[in-house]
Amino acid sequence: MTDFETQNGFPPMKNDLILRAARGETTERAPVWVMRQAGRYLPEFRKLKEENNADFFKMVQTPELACELTLQPIRRFPLDAAIIFSDILVIPQALGMTVQMIPGKGPVFPDPIREPSDIEKLKQEVDLQKSLGYVFRAITLTRVKLEGKVPLIGFSGAPWTLLCYMIEGESSKTFNKARKFLHQHLEVSSQLLQRMTDLIIDYLVLQVRAGAQMLQVFESHAEVIGYDTFTLCSLPYLRQIVEKVKEKLGSDAVPMTIFAKGAHYAIKELSQTGYDVVSLDWTMSAKDARIVAPTVTLQGNLDPAGLYGSHEDIRYAVKNMLRKFGTQRYIANLGHGMHPDHDPEKLATFIDTIHSYSETMNERKLSGD
């Protein structure tokens with residue numbers, strides 16, 4: 001336990017498997033968690049939402065509810081990490097933008113950025129402790145209530161991904177409006193990307209100060225831009241984030257993961273930015289990733305649609321995935337998040353197979369089989 005943990009009175013860790021894997025230390029089995037492991041696929045999530053008559057952002061902004069939702073999958077499944085129930089779009093909200101979560105549609109910005117002059121409507125000074133204090137309170141509360149069972153992951157959206165939503169105004173397959181703005185107003189876009197980078201750095205540092213033991217940065221829309229644009233408008237800011245967060249935290253620095261969905265063209269570059277873990281979506285070859293990113297821990301990457309298969313199919317897919325990745329410097333996960341109509345029992349099979357088969361693989365390696 002670090003001095004920081006001791007000073008804050010957090011319970012001692014009982015399972016630090018994912019932290020060891022992230023740091024490249026030897027593990028007795030592969031740790032596993034899944035993106036969107038707290039969510040609508042769980043009946044207890046739907047029940048809590050209904051009982052509290054709470055929309056999505058009310059749950060995010062109420063620390064007690066966010067804590068409970070974070071803990072729900074940990075009670076149900078033998079996962080190796082919890083991830084705080086929150087959303088990447090709290091940063092645009094802190095900047096003064098209105099974000100609505102519309103059922104069946106997703107996030108909607110009623111007043112998006114469409115012209116450079118629209119940026120003037122954003123808050124010039126942002127007090128993260130005040131505007132996003134509910135996130136930090138939820139993290140501290142959850143860290144205590146986890147009782148050291150598993151580590152707690154904090155996260156943020158990456159600058160380019162947040163810019164996509166702020167300009168497009170809603171989710172999109174292509175984010176044409178955001179890409180058009182980027183190419184027509186590159187200097188203004190760069191200024192806004194830098195401004196969000198600075199906020200994200202402070203936001204992640206404050207999450208660790210509140211009790212987060214690992215961090216993940218979501219570059220969810222890398223797939224809509226190509227290599228050249230990515231290296232200009234995403235990669236430099238991602239590098240700044242990991243460098244500055246670790247610099248500010250010093251001895252209290254925690255492992256950091258980058259998940260750039262669709263950035264199969266830049267796995268090597270991402271592995272050289274300073275992140276401890278590179279998370280892969282399901283379109284990326286584990287074999288290729290090991291070749292181009294040999295010095296980092298990899299995370300992923302079962303196709304979430306695989307959980308629609310039979311239990312036998314899931315066990316087969318998991319074993320195949322583990323054979324490709326190996327059990328060391330590896331964190332098992334999906335290639336993206338859980339779907340609302342996933343069967344929780346299928347996720348249980350996914351998790352149990354990872355645990356049992358990775359242990360078997362390690363035993364065989366030790367025995368020389």
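Helices (H or I, at least four residues) and strands (E, at least two) are DSSP runs, numbered from the N terminus. With that in hand, welcome to this structure, which is a predicted model: local features need pLDDT of at least 70, side-chain atom pairs count only at pLDDT 80 or more, and totals for chains, interfaces and linings use all residues. Residues are numbered from 1 along each chain as its sequence is written, and side-chain values use heavy atoms, with hydrogens and water left out.

**A look at Ala260**

Let us begin with strand E6, which covers residues 256–260 and includes Ala260. Is Ala260 buried or exposed? Ala260 is buried, at a relative accessible area of 4%. Here, buried means under 20% relative accessible area, exposed means over 50%, and partly exposed is in between (1.4 Å probe, protein chains only).

Which residues does Ala260 touch, leaving aside its neighbours within four places in sequence? Its contacts (heavy atoms within 4.5 Å) are Glu219, Ala222, Phe230, Leu270, Ser279 and Asp281. For Ala222, 38 residues away along the chain, the C-alpha atom is separated from that of Ala260 by 5.8 Å.

**Salt bridges**

Side chains of opposite charge can pair when their charged atoms come close. A salt bridge is counted when a side-chain nitrogen of Lys or Arg is within 4 Å of a carboxyl oxygen of Asp or Glu. How many salt bridges does the structure hold? There are 15 salt bridges, and the table shows some of them.

| Salt bridge | N to O distance |
|---|---|
| Arg20 and Glu28 | 3.2 Å |
| Arg29 and Glu359 | 3.7 Å |
| Asp252 and Arg209 | 3.0 Å |

Take the salt bridge of Arg29 and Glu359. Arg29 lies in the loop between helix H2 (17–22) and helix H3 (43–51), while Glu359 is in helix H17 (residues 344–367), so this pair ties together parts that are 330 residues apart in sequence. Arg29 is buried at 14% relative accessible area, whereas Glu359 is partly exposed at 34%.

Next comes the salt bridge of Asp252 and Arg209. This pair also links distant parts of the chain, 43 residues apart: Asp252 sits in the loop between helix H13 (235–249) and E6, and Arg209 in helix H11 (residues 186–210). Asp252 is buried, with a relative accessible area of 18%, and Arg209 counts as partly exposed at 33% relative accessibility.

Finally, salt bridges that share partners join Asp16, Arg20 and Glu28 into one network. Within this group, Arg20 is buried, its relative accessible area being 17%.
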